[in-house]
Amino acid sequence: MIFAIDMGNTNIVLGCADKGEILFEERMSTNLTKTSLEYAIDFKALLELKNVRATDIEGAIISSVVPPITDTVAEAVRKVTGKKPLILGPGIKTGLNIKIDDPKQLGADLAAGAVAALEFYEPPLAVIDMGTATTISYIDAKGRYCGGSVIPGVATAVSSLVSATSQLMKISLMAPKKVIGTNTVDCMKSGAVYGNAALIDGMLDRMEEETGEHLNVVATGGIAKTVIPFCRRKIVIDDSLLLKGLLKIYDMNSVPGSILRDIRH
């Protein structure tokens, strides 16, 4: 059994896979002040809740875009499982052919998403990850990672809007009944949900125009289910995309055979 952790600025996504099956996937808040012991207690409680014995975990892998606590979480995993986790970064095999200016700048989360997208979907691809930021990665018809775009995340943008204005309030991220709102809350919801859906549609159109390719599109991330259904493009939502990518990368670096061979999207 493999324990996989994707650490984002807002949430940590974690799960276990065994015998070609993702057993569970859960989210917890990223907390920069927690100690390795506090994270270990959280991980131990989650595993017990899911009826997973720590002794059954054969290995672990972490991707992180939060360097200040990467080592803290790695130590927490070691305390719970007795295993030193593989940390996705320079020197780790991903199988990606990266064609950006400086391949070392590619975030671990983007790498994991691209690896899984190439495993389960047909290139050329656009891979959307909606979290603290909304990222759109472009993978060409030859399976090469060629770049993309970074957009302020939906919740990030709304929070910034509220903090920078005197009369706008916090809202829940859900679609209003109409695009044209008739009160402040619905107007803000319209902009957050329909506005970001239109943004994604527009960015994909421009990417296709620029590349001359029709892109298959897959989306993941905590906010994807809120926004993607309102896009006019055909976009597949794959909640487990990053975990699948981490498991594939673990497989390439540590495990003979393929733990992903039977996983379906």
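Buried residues have under 20% relative accessible area, exposed ones over 50%, and partly exposed ones lie in between (1.4 Å probe, protein chains only). The model is predicted: local features need pLDDT of at least 70, side-chain atom pairs count only at pLDDT 80 or more, and totals for chains, interfaces and linings use all residues. Residues are numbered from 1 along each chain as its sequence is written, and side-chain values use heavy atoms, with hydrogens and water left out.

View 1. Helices (H or I, at least four residues) and strands (E, at least two) are DSSP runs, numbered from the N terminus. Asn51 is not a glycine, yet its phi is positive, at about 60 degrees. With a relative accessible area of 72%, Asn51 is exposed.

**View 2. A cis peptide bond links Pro123 to Pro124.** Its omega is near 5 degrees. Pro124 belongs to the loop between H3 and E7.

**View 3. The largest nonpolar core has 31 residues.** Such a core is a set of buried Ala, Val, Leu, Ile, Met, Phe, Trp, Tyr and Cys residues joined through side-chain atoms within 4.5 Å. Ile61, Leu88, Val127, Leu241 and Leu246 have the most contacts inside this core. Two or more residues come from each of strand E1 (2–7), strand E2 (11–18), helix H3 (108–120), strand E7 (125–130) and helix H7 (241–254). H3 gives the most, with 9 residues.

**View 4. Val127 and its contacts beyond four places in sequence.** Contact means heavy atoms within 4.5 Å. Outside its sequence neighbours within four places, Val127 touches Gly113, Ala117, Thr135, Ile136, Ser137, Ile139, Val218 and Leu241. Both Val127 and Leu241 are among the core residues with the most contacts inside the core.

View 5. Along the principal axes, the C-alpha atoms fill a box of roughly 55 × 45 × 30 Å. The radius of gyration, taken over C-alpha atoms, is compared with a globule rule of 2.2 Å times the number of residues to the power 0.38. For 265 residues a compact globule would have a value near 18 Å, and the 19 Å of the protein chain agrees. Of these 265 residues, 49% count as buried. Among contacts between residues at least 6 apart in sequence, 56% join residues at least 24 apart.
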